[in-house]
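Take a look first, then read on.

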There are 2 protein chains.
Amino acid sequence: MSDNRLLTIGRLAATTGCKVETIRYYERIGLLPAAERTSGNQRLYDDAARRRLSFLRHARELGFPLAAIRELLRLADHPDQPCSSIDRIARGHLAQVRLRLVRLRALETELERIITQCRGGAVADCRVIESLADHRHCLAADHHPEMPTPLEDN
Amino acid sequence: MSDNRLLTIGRLAATTGCKVETIRYYERIGLLPAAERTSGNQRLYDDAARRRLSFLRHARELGFPLAAIRELLRLADHPDQPCSSIDRIARGHLAQVRLRLVRLRALETELERIITQCRGGAVADCRVIESLADHRHCLAADHHPEMPTPLEDN
DNA sequence: CTTGAACCTGTAGTCGCTACAGCTTGCATC
DNA sequence: GATGCAAGCTGTAGCGACTACAGGTTCAAG
């Protein structure tokens, strides 16, 4: 693939590991510039577009929300600006990751506790059900809005 | 609050830490039975409803998806059934939690690496931006659909 | 030319909520 | 009884980040 070869959306998807539909989605929400089109109205992507999408996907992979990525891309387009904003975004995200880890570890521990108490038999004797029904075993000290604890959204 | 006192939705919300809107949502999707109503069409909840909602919230807090909770509640309503299904649901969930932990730890490490390389200055010299642009630093060995790595959905 | 894959747009759905708008009810106070 | 405000109601839309259609067009291989 030389520098002047343009990619169809399917080829770009294959190259970047990003779904066709997701590429269209990113174009629709403005994270990718509108692509050139063939006379048949099919999108064509140059290498700059491929690089931008790779950046985007990499940032997504690291869990950055799209709003943050939008900002990172904006900053990347302005190489003379100070990178303190980038640093702030990245550090903020790392802090979120760490909070998340704390919560998941607590969750793991609690699930392990519940499961090891399960001795089999009938539901009536089930420690999992009992624990879920037993309010004393809530992870939250009281009922905060940050409950519940989702894993991921896929 | 004695056993025969019925709660309005607001009081139930306060008692269980679950939002009014969420309680209505759970009723709508069938996780909670339709509540009794006053002559003025306001919902009233008995203690059984409070207990069921508490169970539900506790399970949500532990990150069980609603579909799994639906099944857990169904099983809880049948105390004579074997609890192997419950065990399977809980263990499956714990396995997901552990996978999630592995991924978040890797994510934390990668973010730390990127951030500690950031020396300040201009975007043009920014290691964060470079790392995001650099495809060699992807967490995924190749581009799997499980990329990206969201934290949570709130 | 035929065929089937890849492409297009537009819309709706996923998951689990959450936040309105516009209305009614309930209760305390005067 | 009148007033005022909080709490209640239904229905709808939105959030974030996709994802999956339906129904059509284009493209390339045979």
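## Domains and numbering

Let's start with chain A, whose domain assignment gives domain 1 (9–63) and domain 2 (84–137); such bounds come from an automatic or database domain assignment. The C-alpha centres of domain 1 of chain A and domain 2 of chain A lie 36 Å apart.

A word on bookkeeping: residues are numbered from 1 along each chain as its sequence is written, while chains are lettered from A and ligands numbered from 1 in the order in which they are written. This is a predicted model, where local features need pLDDT of at least 70 and side-chain atom pairs count only at pLDDT 80 or more, though totals for chains, interfaces and linings use all residues.

The model scores ipTM 0.84 and pTM 0.85. Chain A averages a pLDDT of 85, and 84% of its residues score at least 70 (pLDDT is the predictor's confidence in each residue, from 0 to 100).

Residues 141–146 of chain A are another story: pLDDT stays under 50 there, and the model has 2 contacts for them beyond four places in sequence. Two residues are in contact if their C-beta atoms, placed from the backbone, lie within 7 Å. Where pLDDT is low, the predicted coordinates should not be read in detail.

In all, 65 residues of chain A are in contact with 66 residues of chain B. Helix 5 of chain A gives the most to its side of this meeting, with 21 residues (helices are DSSP runs of H or I, at least four residues, numbered from the N terminus). By class, that side has 35 nonpolar, 15 polar and 15 charged residues; Ala, Val, Leu, Ile, Met, Phe, Trp, Tyr, Cys and Pro count as nonpolar, Asp, Glu, Lys and Arg as charged, and the others, Gly among them, as polar.

## Around the DNA

Which residues come nearest to DNA strand C? Of the 25 around it, they are A:Thr8, A:Gly10, A:Arg43, B:Gly40 and B:Pro65, where near means a C-beta atom, placed from the backbone, within 6 Å.

DNA strand D is surrounded by 26 residues, and the closest are A:Gly40, A:Pro65, B:Thr8, B:Gly10 and B:Arg43.

Key:
Helix = DSSP H or I, 4+ residues; strand = E, 2+ residues; numbered from the N terminus.
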